Amino acid sequence: MGFGDLKTPAGLKVLNEFLADKSYVEGYVPSQADIAVFDALSGTPSADLCHALRWYNHIKSYQKEKGSLPGVKKPLSQYGPAGVEDTTAAAPAAADEDDDDIDLFGSDEEEDEETKKIKEERLAAYNAKKLQVACVVEDDKVGTDQLEELITAFEDYVQSMDVAAFNKI
């Protein structure tokens with residue numbers, strides 16, 4: 001199973017024939033299999049390899065999302081038609097390196113630091129806009145409902161109001 005060496009015309013011809021009746025290397029949506037084969041190519045297939053060129057241009061449009069595509073990247077020899085030997089020497093080594101980068105639980109430290117920084121910035125901006133008023137209400141004279149109505153009457157300035165705590169005398 002495999003395409004052969006995808007950097008040679010023979011390997012590209014095998015890929016072109018394989019994609020003659022398929023939109024993707026595996027399945028019905030773009031996946032890590034397509035990215036593995038795409039990365040193994042040395043460049044854009046020639047115009048006479050119309051199926052490979054169509055597939056190449058389509059997968060190229062997913063370059064920004066290539067890490068989020070479904071599936072697991074396997075060695076290049078795992079993809080393609082049966083009976084064709086994969087002659088790409090670097091394929092297994094590249095696949096082993098990629099396995100170390102897979103994070104099944106989303107605990108990548110770089111993303112965590114960026115996410116925390118963004119969250120802190122948003123909280124700081126939110127807290128900078130927030131206005132808190134503290135008051136003590138004599139229940140017999142003024143009710144909290146009356147205060148809420150008076151405050152929310154300024155519709156241009158007040159979107160909503162929350163009572164954080166009650167202090168009644």
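Biologist: What percentage of the 169 residues in the chain do buried residues make up?
Modeller: This is a predicted model, numbered from 1 along each chain as its sequence is written; local features need pLDDT of at least 70, side-chain atom pairs pLDDT 80 or more, while totals for chains, interfaces and linings use all residues. Side-chain values use heavy atoms, without hydrogens and water. Buried is under 20% relative accessible area, exposed over 50%, partly exposed in between (1.4 Å probe, protein chains only). Of the 169 residues in this chain, the buried ones make up 24%.

Biologist: Which pattern does the chain follow when read along the sequence?
Modeller: Helices (H or I, at least four residues) and strands (E, at least two) are DSSP runs, numbered from the N terminus. There are six helices here and zero strands. Written in order, the pattern is α-α-α-α-α-α.

Biologist: Let's look inside. What covers the buried residues of α1?
Modeller: Helix α1 spans residues 9-18, and its buried residues are Gly 11, Leu 12, Val 14, Leu 15, Asn 16 and Phe 18. Their cover includes two helices, α2 and α3 (50-60).

Biologist: Which residues is Leu 49 in contact with, leaving aside its neighbours within four places in sequence?
Modeller: Leu 49 sits in the loop between α2 and α3. Although it is in a loop, Leu 49 counts as buried because its relative accessible area is 12%. With contact taken as heavy atoms within 4.5 Å, and neighbours within four places set aside, the partners of Leu 49 are Leu 12, Lys 13 and Asn 16.

Biologist: How far apart in space are Leu 49 and Ala 20, C-alpha to C-alpha?
Modeller: Along the sequence, Leu 49 and Ala 20 are 29 residues apart. In space, C-alpha to C-alpha, their separation is 9.7 Å.

Biologist: Now a charged residue. How far from Asp 34 is the nearest side chain of opposite charge?
Modeller: Asp 34 belongs to helix α2 (residues 32-40). Lys and Arg count as positive, Asp and Glu as negative, with His and the chain ends not counted, and a salt bridge needs a side-chain nitrogen of Lys or Arg within 4 Å of a carboxyl oxygen of Asp or Glu. Buried Asp 34 has no salt bridge. The nearest side chain of opposite charge is Arg 54, at 8.6 Å.

Biologist: Which residues does Asp 34 touch, not counting those up to four places away in sequence?
Modeller: You can find Asp 34 in helix α2. With residues up to four places away left out, Asp 34 touches Tyr 24, Val 25, Val 29, Trp 55 and Ile 59.
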